[in-house]
Amino acid sequence: MDTIFSKIIRGEIPATKVHEDDESLAFLDIHPVTKGHTLLIPKEPHVWMQDVPDELLASLFIKTKKLMTAIKSGLECDYVQISVVGKDVPHFHIHLIPRYFDDGLPSFPTLSYDENEMDAIATQIKKALA
């Protein structure tokens, strides 16, 4: 699987790196939601979060926490929002987005459940967990 992230890891495409070690790379997003928007990727390619080996996933989220602290401190933002979407580039990645209480960015839209719908959906999830 050859993606834009694979090319960044190999150095074929430039990136503004904020962290790199043997298993991961963090760099600034070229189309940021806010300035300082950072992507953390494993160097080992996996399409979806559920495909990432548990040990690597745990390590990535520990790094996410450290990056959040550094972004919050370094940019003096109010908090850092994380997002795991994974559909734009087929290589698991974590978005770290500096946020400010008055930044005007929209919140996630919310829905309502119909009567008994919550129980039915919870039952479907529980069955899949079993």
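**Strands and cores**

Guide: Strand β1 (residues 17–20) pairs with β2 in the antiparallel sense, over three bridges. Two strands pair if DSSP finds at least two bridges between them. Helices (H or I, at least four residues) and strands (E, at least two) are DSSP runs, numbered from the N terminus. This is a predicted model: local features need pLDDT of at least 70, side-chain atom pairs count only at pLDDT 80 or more, and totals for chains, interfaces and linings use all residues. Residues are numbered from 1 along each chain as its sequence is written, and side-chain values use heavy atoms, with hydrogens and water left out.

Visitor: What joins β1 to β2?

Guide: A hairpin, through three residues. E20 stands opposite L25 in β2.

Visitor: And how many bridges join β2 to β3?

Guide: Five, with the two strands antiparallel. β3 covers residues 38–42. S24 stands opposite P42 there.

Visitor: Is β2 mostly covered or mostly open?

Guide: Mostly covered: four of its five residues (24–28) are buried. Buried means under 20% relative accessible area, exposed over 50%, partly exposed in between (1.4 Å probe, protein chains only).

Visitor: New topic. Which residues touch the most other members in the largest nonpolar core?

Guide: L40, V52, L60, F92, I94 and L96, out of 13 residues. Such a core is a set of buried Ala, Val, Leu, Ile, Met, Phe, Trp, Tyr and Cys residues joined through side-chain atoms within 4.5 Å. α2 (54–75) and β5 (94–99) each give two or more residues to this core. The largest share, five residues, comes from α2.

Visitor: Where is the other core?

Guide: Apart from that one; its seven residues include F5, I8, F27 and L39.
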